[in-house]
Amino acid sequence: MCRGMKQRSESALFGVLIYPGVEPIDVGGTVGVVSMARRVLPLLEATVIARCPGPVRLAGGLTVQTNHAIDTAPACDVVIVCGGPGWPAAAADEAILSYLRRLRPEAVASVCTGAMILAASGVLDSRIATTRRHPIGLETAAPLQLLGRSGAIQTTAAQVVDAGIVTGGGVSLAIDATLYLLGRIYGEEAAAEVARIIEYDRAYAANREALGCIVRPP
């Protein structure tokens with residue numbers, strides 16, 4: 001077992017940071033995966049964090065009740081920042097950015113355009129990272145292109161990039177990033193078992209084959 005890796009009988013807490021305009025698939029790919037993972041990791045939990053406590057309206061109209069505000073959020077093994085069309089407003093919110101800067105780098109992750117919020121906080125500077133590869137709708141540039149525009153961050157198309165801070169690819173690749181984080185905390189065998197029980201094992205392997213999982217020191 002790697003140093004710092006937990007036994008399946010030990011607890012872990014995943015924080016999932018949301019804001020108005022998060023895509024529901026990012027919540028399903030994070031909180032939903034953790035929920036299913038509890039079948040084999042019974043002391044694993046997820047908590048939903050937002051700038052303020054209470055309901056948060058996601059893209060498409062779904063409303064999620066948050067567990068904690070950023071000022072009262074518990075210490076988490078990892079905090080995953082979700083993506084969605086609301087990311088520009090979240091990336092301009094100094095309270096959210098300050099919260100992210102206070103976290104330990106190894107306890108920070110993002111899925112999809114959540115990486116844009118991490119970039120705005122400065123925690124991705126001098127690191128390699130990934131995000132959604134293609135523009136959607138009225139977007140004139142892909143988020144991956146925007147992420148690398150300043151030159152402070154080295155970008156790459158990937159399933160998952162782990163440069164201390166973990167960033168995951170776009171949309172359904174939120175599932176891949178969450179599985180990767182489970183593997184980093186509990187071991188790859190545990191992550192593989194979770195992938196099987198959510199019937200994602202073939203997709204997980206195919207995405208890794210097609211896009212790659214990049215692990216580099218920060």
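These questions and answers go through the sheet, the helices and one lysine of a predicted model.

Reader: In what order do the eight strands of the open sheet stand?
Author: The sheet is open and its pairing is mixed. Strand 5 (68-69) and strand 12 (213-215) stand at the edges. Each has a single partner strand, so one side of each is left without a neighbour in the sheet. The order is 5-2-1-6-7-11-10-12.

Reader: Which residue of strand 12 stands opposite Val160?
Author: Strand 10 (residues 160-163) and strand 12 run parallel. Three bridges join them. Opposite Val160 stands Cys213.

Reader: Are Val78, Val79, Ile80 and Val81 of strand 6 buried or exposed?
Author: Val78 and Ile80 point one way from the strand. Val79 and Val81 point the other way. Whichever way they point, all are buried.

Reader: Which residues of helix 4 are buried?
Author: Helix 4 (residues 114-121) is largely enclosed by the rest of the structure, because six of its eight residues are buried. These residues pack against strand 6, helix 2 (87-91), helix 3 (94-102), strand 7 (108-110), helix 5 (143-147) and strand 11 (165-168). The buried residues are Gly114, Ala115, Met116, Ile117, Leu118 and Ser121.

Reader: Which residue with a positive phi follows helix 4?
Author: The phi in question is near 90 degrees. The residue that follows helix 4 is Gly122.

Reader: At what angle do the axes of helix 6 and helix 8 cross?
Author: The axes of helix 6 (residues 173-186) and helix 8 (residues 201-211) come within 10 Å. Helix 6 is roughly perpendicular to helix 8, a term that covers angles of 65 to 115 degrees. The crossing angle is roughly 95 degrees.

Reader: How do the residues of the contact of helix 6 with helix 8 divide?
Author: Helix 6 brings Leu173, Asp176, Leu179 and Tyr180. They meet Ala203, Tyr204, Asn207, Arg208 and Leu211 in helix 8. The division is six nonpolar, one polar and two charged.

Reader: Which side chain makes a polar contact with the side chain of Lys6?
Author: Lys6 sits in the segment before strand 1 (12-17). Its side chain reaches the backbone oxygen of Ser11 at 2.6 Å. The side-chain partner of Lys6, at 2.9 Å, is Asp77.

Conventions
Residues are numbered from 1 along each chain as its sequence is written. This is a predicted model: local features need pLDDT of at least 70, side-chain atom pairs count only at pLDDT 80 or more; totals for chains, interfaces and linings use all residues. Side-chain values use heavy atoms; hydrogens and water are left out. Axes are lines fitted to C-alpha atoms, for helices over the stretch in contact, and angles run from 0 to 180 degrees between N-to-C directions. Helices (H or I, at least four residues) and strands (E, at least two) are DSSP runs, numbered from the N terminus. Angles under 35 degrees count as roughly parallel, over 145 as roughly antiparallel, 65 to 115 as roughly perpendicular and the rest as oblique. Contact means heavy atoms within 4.5 Å. Ala, Val, Leu, Ile, Met, Phe, Trp, Tyr, Cys and Pro count as nonpolar, Asp, Glu, Lys and Arg as charged, and the others, Gly among them, as polar. Buried means under 20% relative accessible area, exposed over 50%, partly exposed in between (1.4 Å probe, protein chains only). Two strands pair if DSSP finds at least two bridges between them. A polar contact is a pair of N or O atoms within 3.5 Å; within protein, one must be able to donate a hydrogen and the other to accept it, and residues adjacent in sequence count only if both atoms are side-chain atoms.
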